[in-house]
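Please keep the structure open beside it as you read.

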Amino acid sequence: MIEGQEIIDFHGHVGPWDVYGMYDDDSAMVKAMDAVGIDRSCLFNIFHPDGTSGNDQTAAFVARHPDRFVGFAYVSPLMPERIEKELGRAVDELGCVAIKIYPPYSTWKMTDPVWDPVYAFADDRGLALISHTGPEETCQPEQVGIVAARFPNANFVVGHAGNMEPFRTQAIEAAQANKNVYLETCSTFREPGVVERLVTEAGADRVVFGSDVPLMDPRSQLGKIITAGISDDAKRLVLGENAKRLLGMNYSQ
Amino acid sequence: MSNLSFTSRVPAFDANVGVGHRNNRRYPFDEPLQLVEEMARHGVDQALVYACHGETISPMHGNEALERWTGGENGLVPQYMVGADPESLRQIQGLHASGLVTHVRLHCTEMSRTPFVDWIYAPVLEWLVAEDLPLWVSMADTPPTEIVDTLTGYPDLRAVIVGAHYAHSAMALPMLRVLPNATLELSRYENTQGIEQLVEAVGANRLIYGSFFPRYAMGPILYMLNHLSIDDSDLAAICAGNVEKLIEGSVTDDK
């Protein structure tokens, strides 16, 4: 909580990735969250194409701090036969409240029909779906705009907001063209003025704070928002209010 | 605890700030005062500034352009840059003879296609050791293996290794151990709890704050440093004290 504002981190990982110093250390994550007032982190495991293995790990991780972590379901078109059933299980049985996809771990662009069952599930349930985006051919943000227009009941969150130019501009244009597209802020590319531009051009009500915890420390990524030259009202939307609306959850403290 | 606004609670001396346009990047400010105002917004009192033009095109021309930024009493301290060309070293030596050089920054060796190897840079490194001047070298622009392989041949040279990324997380600590005279600048080191682990392993005196502006915004890393689980004395050392000692000529303590 920062000045009465609940803070929700929309982008975090479960699953050891020790070559980059990720060890599934929930206490380290909570300690960093506490240091800056982050109330909840949304987490997903993108390392297992069957979906089930990673989603079970996510659920177990969330269960260690159910008041601090929120689980997202992950599926992959590498195992298309599992997508619908696993999404149903993850949402209805494990309590996942949104969906994460990571197209660079496959060969299909986000606009390929192989992804449609994922979008259809999100559209049918009215869920948010966050995708990694960036320069990779499979997930450039202009593809999000095309897909979002086809599935208007789902909300699409552009992970990393395209990461760099010209993909950042694509992300902004996708949000401008589709009211169900949001831009998420975590990125190792922290040039000056990025958060200000996202808020100015896409709207403060369309930008959500994310950190990539534990790959990146949530304190520096939160610092991007806090030190940006935007109004306090805009910061409140980015840091929590937009995520609460997207997740459709009533967080009673 | 955090607030919706931020300014550093300890004096801050940014050890890594570029100024001016680069051939492939427009600089956000036209005047030094605008940079000073941006620094003040985050509570940064002083900064070491180098010419972005010198990173990729001409260290010599960049050094010449630096005076426009550092000429006044504005907290901007010149960081002169050296390249592989012998004329570049001669320029730095001349500036040093005039009392202007407190430390030196290496240009971007990868973009300049002059690898950081002893058979190219020995004259620069030998001169820096002889004059006891620290060298700033960027892991974002020079391969880590070249940095370690070359600097191990100059154990008396004080080095500031700039721009270690989270992707370098497995390298940072071994690098600091094999280079006991090196200090790590933290602009891109944002592994979760990673800085606290480095403080525990090598001590706060081996770490310094830098923003790597304008590649990176000035505030986020300083914000993170102000929210680390470390002593205030360690925070003060990382944010300003260590870099002040480095450019004043004090030898960094080993731990």
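At what angle do helix α3 (residues 59-70) of chain B and helix α4 (residues 86-97) of chain B pack, and how far apart are their axes? Point 1 takes up this question, and it should be kept in mind throughout that the model is a predicted one.

1. Helices α3 and α4 of chain B. Two packed helices are described by the angle between their axes and the distance between the axes. For α3(B) and α4(B) the angle is about 25° and the axes lie 9 Å apart, which makes α3(B) roughly parallel to α4(B). On the side of α3(B) the contact is made by B:Pro59, B:Met60, B:Asn63 and B:Glu64, and on the side of α4(B) by B:Glu87, B:Ser88, B:Gln91 and B:Ile92. Sorted by class, this contact has three nonpolar, three polar and two charged residues.

2. Helices α8 and α9 of chain A. The axes of α8(A), residues 218-226, and α9(A), residues 232-247, come within 10 Å and cross at roughly 150°. Because angles over 145 degrees count as roughly antiparallel, α8(A) and α9(A) are described as roughly antiparallel to each other. Here A:Leu222, A:Ile225 and A:Ile226 of α8(A) meet A:Lys235, A:Val238 and A:Leu239 of α9(A), and by class this contact has five nonpolar residues, no polar residues and one charged residue.

3. The sheet of chain A. Eight strands of chain A form an open sheet with parallel pairing, in the order β1-β2-β3-β4-β5-β6-β7-β8. Strands β1 (8-13) and β8 (207-208) stand at the edges with a single partner strand each, so one side of each is left without a neighbour in the sheet. Within the sheet, β5(A) (residues 128-132) and β6(A) (residues 155-159) pair in the parallel sense over five bridges; in one of the pairings, A:His132 has A:Gly159 in β6(A) as its bridge partner.

4. The interface of the two chains. The size of an interface is often given as the accessible area lost when the parts come together. Chain A and chain B bury about 2900 Å² between them, with 56% of it on carbon and sulfur atoms. Of the area that chain A buries against chain B, A:Arg190, A:Arg219 and A:Thr227 supply 26%, more than any other three residues. The contact takes 39 residues from chain A and 33 residues from chain B.

5. Salt bridges. Between chain A and chain B there are two salt bridges, and the side chains of A:Arg190 and B:Glu190 meet in a salt bridge at 3.1 Å, N to O. Over all chains the structure holds 24 salt bridges. Among them is the pair A:Asp26 and A:Arg64, whose closest N and O atoms are 2.8 Å apart. This pair links distant parts of the chain, with A:Asp26 in α1(A) (residues 26-36) and A:Arg64 in α2(A) (residues 52-64), 38 residues apart.

6. Backbone details to check. Most residues other than glycine have a negative phi, and most peptide bonds are trans. A cis peptide bond joins A:Val213 and A:Pro214, with omega about 0°, and A:Pro214 lies in the loop between β8 and α8 of chain A. In chain B, a cis peptide bond joins B:Phe213 and B:Pro214, with omega about 5°, and B:Pro214 lies in the loop between β9 (207-208) and α10 (219-225). Finally, A:Asp24, in the loop between β1 and α1 of chain A, has a positive phi near 55°.

Methods: Residues numbered from 1 in each chain as written. Chains lettered and ligands numbered in written order. Predicted model: local features only at pLDDT ≥ 70, side-chain atom pairs only at ≥ 80, totals over all residues. Heavy atoms only, no water. Axes fitted to C-alpha atoms, helices over the stretch in contact; angles between N-to-C directions. Helix = DSSP H or I, 4+ residues; strand = E, 2+ residues; numbered from the N terminus. Parallel < 35°, antiparallel > 145°, perpendicular 65-115°, else oblique. Contact = heavy atoms within 4.5 Å. Nonpolar A, V, L, I, M, F, W, Y, C, P; charged D, E, K, R; others polar. Pairing = 2+ DSSP bridges. Buried area = accessible area lost by both parts, 1.4 Å probe. Salt bridge = Lys/Arg side-chain N within 4 Å of Asp/Glu carboxyl O.
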